[in-house]
Amino acid sequence: MAVFFRLSPPPFLLLLVLLPLSTGFLLPTSVAAGGSYDGVGGVGGEEEFTEELLLRPLPDRKVLAHFHFESRVPPSSTNGRHHHLFPKAIAQLVNKFQIQELELSFTQGRWNYERWGGLDYIPRVNAKPPGLELWAMFDLPIDQIDATWKNLTHALSGLFCSSINFLESTTAFAAPRWSFKSHSSNLRYGALPREAVCTENLTPWLKLLPCRDKAGLAFLLDRPSIYKGYYHSQRLHLFSSETTGIVLEQTLTIVLKPNQQRTLTTYPTDQLFQPNWSVNSVFRKKLMGQCVLAKSSKVFLELDRGLVREMGSLILGDSYSNKGFEMSVAPNRVIREALGSHGDSVLFEYNLNDYGENNPLDVGITWKLPFAWSCPQAPFHANRFLMGSGNERGSIAIYLQSTQTSESFSDTADVCMMKIAVFQIVPWYVRVYYHTLKVFVDGKPQVISDIVEKIQVSPSEDKLSPGIMEVMLRLPCSTMSVVLTMDFDKGFLHIDEYPPDANQGFDIPSAIVSFPSLHAKSSILAEDPKDGSPLLSKFQESNLVRSYTEVLLVPLTTPDFSMPYNVITFTCTVLALYFGSLLNVLRRRVAEEERLLNKVSSTISSDFPFDDGGDALGLFVGTLNSGSLGSSPSNIPSAHVVSCLQFSGLFIQYFNGVFCMSSFLFLVVGERRLGSCYEAQITSHACIKVIFQIEG
Amino acid sequence: MLGRHMSNTPTLLVQLPSVPYRIELNLIFVIADFITAMLLRLTGQNLQLAYRQFLRSKKLLNLLETSRNVDAGDVASLVFLWNPFGILTCVGGCTSPIENLMIVLSLYGACSSLPSLSAFGWVIATHLSLYPAILIVPIILLLGYGPDSPPKKLFLLTSMKPARSHPLEQSHEQVSSVDNESELQVHHFSWQPVMSFILWSSIWSFYVLVLCSIFLKDFGSLSEMLKKSFFLIVFHINILFMILPLAIRLKHRPCFLAFVYIAISSMLKSYPSVGDSALYLGLLGLFVNELQDIRFSFFLFFGYIGVSLLSPVMHNLWIWRGTGNANFYFATGIAYACLQTLLVVESVNAVLNHDRMLRKQLTA
């Protein structure tokens, strides 16, 4: 109590001192909320927040929505440890763990590379493997990185209400050397493919935004319509350096199927038309103006290269309404890719600060002609699958299929070489034998040294580290298909290492296939670099083209989880049988020896000649037996009844003790099938009793 | 790199991968098995010699005749060589033939009173799998008392027909009136070979530890060996429980005691191999004379056949086909454990009965 009194006044005083200060801080923002905020402080020392939304029709009659929120904090904040817009939790995270770069993604569904493309910015950066993926680069000496990573996973799992802390174990994360990001020893990578993603992860993610989902673009995030989609990936990308400060990029990529609006007339050609949609029909909400704290708030509607090429001359000029389609709202401006040919993508830009609650923005597109197109593809489609049957062994195959037609390379086939990097983490219970790696190019087996330019393998260690494989393939561009296969054995897990639904199988995280020689970037030019939108500048960044393979589901041998109690019972029964019958044999004596023993024990008591070990043991056990059971000949004097314990009774005690202890342990730890514990206990009692009745 | 997918001792791990071909590796195991069989034969001849000497001295001619018909060494070596389990280990490339060779080597060394050889076998066998450590009891008994023989007091008994009816008084009288000839045959515990065994085993174990420490850097260390969990220790303690009672009762038959210990450890060890059962079934052949009257031999024989046929089937059902679950395989495992229990108990019973029979023959 005394301590409490001594401690309590200072915080209270501090609060008093802070109160005017904090109102002082709040004042500008509240004025800004009043309507006069126009994003003046974009230069240098101010924190900024921008929000953008990219909408794009996809070839398979779906709509891609990509939300991009970016917060920046300058390297030396003028307000010390306080922030206007930037989430404090993230700033603390960066400072505490010395993070250079970090990316965390929660994904549900799989990005369909074939239909939705694999080359442009959105799939290149925002297509993520199912479940959870986390990688981080630290600005720390090598020996501190693993410990920092463990702490980071715990901090993040608290922040995002998820089980990122499972990545703490050394069996879950890896340090890719060159295949994930070029030459980085301070990078750690981990993935949890089984992680379920839902609103509980979205809510803390939205909390990092200054307006949450109460205003601005995030207002669109209607939970049912997001989670109804085919793919959603919520991503958090942190970048921190001395010069730029901390940049926090939060993106949410959703693929949705718009509701059909064409109901008045049905043509037989209806199936060919793209569905008409608008923001309202997709999200069931309208854009009620921007988040007042945002420096810029824009909506883009993109028609990608394939579509523009398909439309041809229809889309010449800044026409948002032509013979092919019609926009519901006139765009503020139209941006074209600066390649100059017909195949450039077109972006219609809408500035959200022109709209408000009275005139909500409802961008939409109505098609007048049917179009069919395809999105730009990465040079190879990556698939991964399992081969073999049974639960003992199998093999993993990574199948890369060229997306190009063979004619396009026919003339330059001997010159063009393509580099492909494959990175894969395999948990220890799938013991991959890397020496069995085989490479097939166009169906023909190849000598590995011809194809593989670089390979780095670290085999798994049981319950310690996963198996990691990094391979750099060098192939002629005319290659149609490459298959990598490697064999594995399945390990046996300890009973408490199985997840609750062990029969479902175990997920192996996606392999990453990247194309280091290919740096795709789109040449959309924002006219004014100072006022340029972060999203468009991201478009121009040249990133590694990367695609993720499927998550593999490996069924492992499972024990019968209701069995532990029964197994203990049966095993103890066999042990009791062994001990009981062996002791019985050892102490047994034929009739005349029995008589001899009786005679001796009744006549001589002090100097009994123990001429044989069997006699001694037999006498000992015999006296013990007679003492407790009372079934022995009555002429053994009570002086030889040393103890009331007898061997069989002792063993019943022993095994029941062992059994009860272990069943109790299972009860406490496992709590799987409580009911069968009783059954097992009863069985054990019965078995042991029966055995000793037979033996006795 | 290799150490995680194959668990064995550093010395073996260094030696085996240097063998280039699978066939040569198998050949090594076949040779090891063959040497084991030869050593078993020599051991059997040793035992037979001691047994016959006893029979001859006691003039039990009818028993002598029956023992002449079968040669225990030949039976043991043939049983060992033709055992399907042993053939399976050689084909499968399991390292247990080498462990078996070392165990038999130590027993042979002890039987023919070569303490250095025995110490070498014992140290290497213990180093390879740790279970043979308990064989130190029968080896010391072997070195101290010499090979298997009926109980000591039977040496003191003459084959004279008893004059009195009461066996106790009769034996007392005989003990008091022992003649010099029969006293010579009684083996007293001799400390000299035991001491040299201890000396040699400390030398060998020092050598092995030095060897290990050379290879330790590549293949884990001793701490890895000791990093076992509590439960493993609890289960293995069961092997140790019966050591003392068996040693008290069977101290006059150290070779048989070794067989029982090997059978028990292969029954209760956590990862048994068919190579272990090949060894103890081979050793069982050494005691054909004593085990003539073993009970349930028919049941045991067909039980072994049944289990060894059923367990691959059950494994297949569980692992490959997925139509059966773990319980099927567990059932064959428990049946196998029961069979082994029965074999141990009945063989101990048969040997004790044989001793009783000898006593009866002498006193009757």
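1. Two residues are taken to be in contact if their C-beta atoms, placed from the backbone, lie within 7 Å. Please also keep in mind throughout that this is a predicted model.

2. Helix α17 (residues 274-284) of chain B is mostly covered, since eleven of its eleven residues are buried. The buried residues of α17(B) include B:Asp276, B:Ser277 and B:Tyr280, together with B:Val274, B:Leu279 and B:Leu284 among others. Among the elements that cover these buried residues of α17(B) are α2 (22-58), α4 (72-82), α5 (84-92), α6 (96-111), α16 and α19 (326-363) of chain B.

3. Chain B as a whole has 19 helices and zero strands, and 40% of its 364 residues count as buried. Of the contacts in chain B with a separation of 6 or more, 78% are between residues 24 or more positions apart.

4. Which residues of chain B does the UniProt annotation "transmembrane region" cover? The record, an unreviewed entry, gives residues 21-40, 130-146, 197-216, 228-248, 294-314 and 326-345 of chain B. Two of these segments can be set beside the model. Over residues 294-314 of chain B the chain is 86% helix and 0% strand, with the end C-alpha atoms 30 Å apart. Over residues 326-345 of chain B the chain is 100% helix and 0% strand, and here the end C-alpha atoms are 29 Å apart.

5. The domain assignment divides chain B into domain 1 (10-149 + 187-290) and domain 2 (296-364). Eleven residues from domain 1 of chain B and twelve residues from domain 2 of chain B take part in the contact. On the side of domain 1 of chain B that touches domain 2 of chain B, the largest share, five residues, is supplied by helix α16 (residues 254-268) of chain B. By class, that side of domain 1 of chain B has eight nonpolar and three charged residues, and no polar ones.

6. Turning to chain A, there is an open sheet of eleven strands with mixed pairing, in the order β5-β6-β4-β3-β7-β8-β2-β1-β10-β13-β12 (chain A). Its edge strands are β5 (173-174) and β12 (333-336) of chain A, each of which pairs on one side only. Helix α7 (residues 199-207) of chain A packs on this sheet, where it touches β3 (99-108), β7 and β8 of chain A, and its direction makes about 35° with that of β7(A).

7. Strand β7 (residues 231-241) of chain A runs antiparallel to strand β8 (residues 245-256) of chain A, and eleven bridges join them; a hairpin through three residues joins β7(A) to β8(A). Across this pairing, A:Ser240 has A:Ile246 in β8(A) as its bridge partner, while A:His237 stands opposite A:Glu249 in β8(A). Strand β2 (residues 63-73) of chain A also pairs with β8(A) in the antiparallel sense, over eleven bridges, and A:Leu64 stands opposite A:Val255 in β8(A). Why is β8(A) described as largely enclosed by the rest of the structure? The reason is that nine of the twelve residues of β8(A) are buried.

8. A further open sheet in chain A has three strands in the order β9-β14-β11 (chain A), and its pairing is antiparallel. The edge strands are β9 (277-278) and β11 (325-327) of chain A, each pairing on one side only. Two bridges join β9(A) to strand β14 (residues 364-367) of chain A, and these strands run antiparallel; in β14(A), A:Gly364 is the bridge partner of A:Ser278.

9. Finally, is A:Ser547 buried or exposed? A:Ser547, which is found in strand β25 (residues 543-548) of chain A, is buried, because 24 other C-beta atoms lie within 10 Å, and the cut-off for a buried residue is 20 or more. Leaving aside residues up to four places away in sequence, A:Ser547 touches A:Tyr113, A:Gly118, A:Ala127, A:Ala378, A:Ala382 and A:Val513. The C-alpha atoms of A:Ser547 and A:Met472, which are 75 residues apart along the chain, are separated by 15 Å.

Terms used:
Residues are numbered from 1 along each chain as its sequence is written. Chains are lettered from A and ligands numbered from 1 in the order in which they are written. This is a predicted model: local features need pLDDT of at least 70, side-chain atom pairs count only at pLDDT 80 or more; totals for chains, interfaces and linings use all residues. Helices (H or I, at least four residues) and strands (E, at least two) are DSSP runs, numbered from the N terminus. UniProt positions are given in the numbering used here, feature names are shortened, and annotations may be inferred rather than shown by experiment. Domain bounds come from an automatic or database domain assignment. Ala, Val, Leu, Ile, Met, Phe, Trp, Tyr, Cys and Pro count as nonpolar, Asp, Glu, Lys and Arg as charged, and the others, Gly among them, as polar. Two strands pair if DSSP finds at least two bridges between them. Axes are lines fitted to C-alpha atoms, for helices over the stretch in contact, and angles run from 0 to 180 degrees between N-to-C directions.
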